[in-house]
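Please examine the sequence and the structure before working through each solution.

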Amino acid sequence: MDFVSDALFDGRRLRLLTIIDLFTRECLGIVVGQSLKGHDVQEALTAIARFRGNPEVLKTDNGSEFAGKVMDRWAYERNIEIDFSRPGKPTDNATVESFNGRLRQECLNENWFLSLADAREKIEAWRAFYNQVRPHSALEWSTPSDYARKHAVSRRKQKQLEPDFSNSGWT
């Protein structure tokens, strides 16, 4: 998980919370708002966990939204480890940093956001493109959605003969 900042056409602040699956590289969600707090992070993670299940680990930086009491309690109640990166070391969370670079290059720099609703619509369309159309070199040139499907099928066939890493962590 990480935050990305941008602006609407009139200069008003735009803040995005990005949540990525470490195994499949799927973007599980991008929350778009003008001011996002720990409670917003918790709500986003709860919504994602409803259809994905809980991760074992959350990788994140030491931002107050991630290191506060709201997130600490949420993770504790679900037996989820929060793996904080070292202060000033974005390479500790390279997956989300790489994703955020693509988001900026392919979406934020290419669009003019007229309103918060317009930003949400355009960013969600890009997220669907990223997950379902755009191939990823780290995934054998599959899209994140195809990669997740492929590994879900192979896991069912193997009937848990090997460890299941599909829900090992989100970043």
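The model is a predicted one.

**Exercise 1.** Determine which residues of helix H3 are buried and which exposed residues lie on the face turned away from them.

*Solution.* 
Step 1. A residue counts as buried when its relative accessible area is under 20%. In H3, which spans residues 69-77, Met-71, Trp-74 and Ala-75 are buried.
Step 2. Viewed down the axis of H3, these buried residues fall within an arc of 95°, so they line one face of the helix.
Step 3. The face turned away from the buried side carries Lys-69, Asp-72, Arg-73 and Tyr-76, which are exposed.

**Exercise 2.** Identify elements that cover the buried residues of H3, and describe the phi of Asn-79.

*Solution.* 

**Exercise 3.** Describe the largest nonpolar core and the contacts of Leu-45.

*Solution.* 
Step 1. This core has 19 residues, and those touching the most other members are Met-1, Leu-17, Ile-19, Val-41, Leu-45, Leu-58 and Trp-170.
Step 2. Strand S2 (13-20), H1 and H3 each give two or more residues to the core. H1 gives the most, with 5 residues.
Step 3. When residues up to four places away in sequence are not counted, Leu-45 touches Met-1, Ile-19, Leu-58, Met-71, Trp-74 and Trp-170.
Step 4. A second, separate core has 18 residues, among them Ile-30, Cys-107, Ile-123 and Tyr-130.

Definitions and conventions. Residues numbered from 1 in each chain as written. Predicted model: local features only at pLDDT ≥ 70, side-chain atom pairs only at ≥ 80, totals over all residues. Heavy atoms only, no water. Buried < 20%, exposed > 50% of the residue type's maximum accessible area, 1.4 Å probe, protein only. Helix = DSSP H or I, 4+ residues; strand = E, 2+ residues; numbered from the N terminus. Arc of directions from axis to C-beta. Contact = heavy atoms within 4.5 Å. Core = buried A, V, L, I, M, F, W, Y, C linked by side-chain atoms within 4.5 Å.
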